[in-house]
Amino acid sequence: MGTLLGFAAKLAAIQGGALIAQQHALSEGAKIVHEEAQDRIGTYQTDAGPFAAWPTLAPSTIEERVRQGYSASEPLLRTGEMRESLEWNASPFEANIGSDSPVAKAQELGDGEDLPARSFLGGAAYTKEQEVVDKIGQELVAAYIIGSLIR
């Protein structure tokens, strides 16, 4: 027969394993959204839930892009710096996908004046929501099944 101390140790081990599984699951979900957000940069996007379709680049922007040696029709993509600025991280309780780039922020949200919002992060999260939910569920179920078999 086990002791109360033994039972408490077992609960602590289960909780620790659950936190590791949660963080892994959220990491997998964050990777899905991160990859989708990166893929959206350089391609016109249709509307995705509350996120509007991307407007066509202004003629002056297209002229400037061509003059600088960039493609006329790859919105938000020039050097790839903004796309590469996207990062993700996860804890056992949340995942974050974003960028510290002021350019990325301005493009995602618009400036309220001349620059329209071209959401690549919000649109990616909205589009991939069910895939992320499914992946997190799969990861957690797998972790708990494996964990129960090991114990």
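Visitor: Where does Arg 118 lie?
Guide: In this model, which is a predicted one, Arg 118 lies in the loop that runs between helix H4, residues 102–109, and helix H5, residues 121–150.

Visitor: And is that residue buried or exposed?
Guide: Arg 118 is buried, and yet the residue has no salt bridge. The nearest side chain of opposite charge belongs to Asp 111, which is 9.3 Å away, whereas a salt bridge is counted only within 4 Å.

Visitor: What does the side chain of Arg 118 reach, then?
Guide: The side chain of Arg 118 reaches the backbone oxygen of Pro 55, at 3.2 Å.

Visitor: Which other residues is Arg 118 in contact with?
Guide: If we leave aside the neighbours within four places in sequence, Arg 118 is in contact with Trp 54, Pro 55, Thr 56, Leu 57, Leu 76, Gln 107 and Glu 108.

Visitor: Switching topic, how much space lies in the largest pocket?
Guide: The largest pocket holds about 430 Å³ of space, and its lining is made up of 21 residues, with Leu 76, Leu 77, Arg 78, Val 103 and Gln 107 lying nearest the centre.

Visitor: Which elements give two or more residues to that lining?
Guide: Those elements are helix H2 (59–67), helix H3 (81–85) and H4, and of these H3 gives the most, with four residues.

Visitor: What about the whole protein, how many helices and strands?
Guide: The protein has five helices and two strands, and from the N terminus on the elements run α-α-α-β-β-α-α.

Visitor: How much of the protein is buried?
Guide: Buried residues make up 31% of the 151 residues in the protein.

Conventions:
Residues numbered from 1 in each chain as written. Predicted model: local features only at pLDDT ≥ 70, side-chain atom pairs only at ≥ 80, totals over all residues. Heavy atoms only, no water. Buried < 20%, exposed > 50% of the residue type's maximum accessible area, 1.4 Å probe, protein only. Lys, Arg positive; Asp, Glu negative; His and termini not counted. Polar contact = N/O pair within 3.5 Å; in protein donor to acceptor, adjacent residues only side chain to side chain. Contact = heavy atoms within 4.5 Å. 1 Å grid on protein atoms, 1.4 Å probe; cavity = no way out; pocket = protein on both sides within 12 Å on 5 of 7 lines; lining within 4 Å. Points joined across faces, edges and corners; volume = space filled by probe spheres on them.
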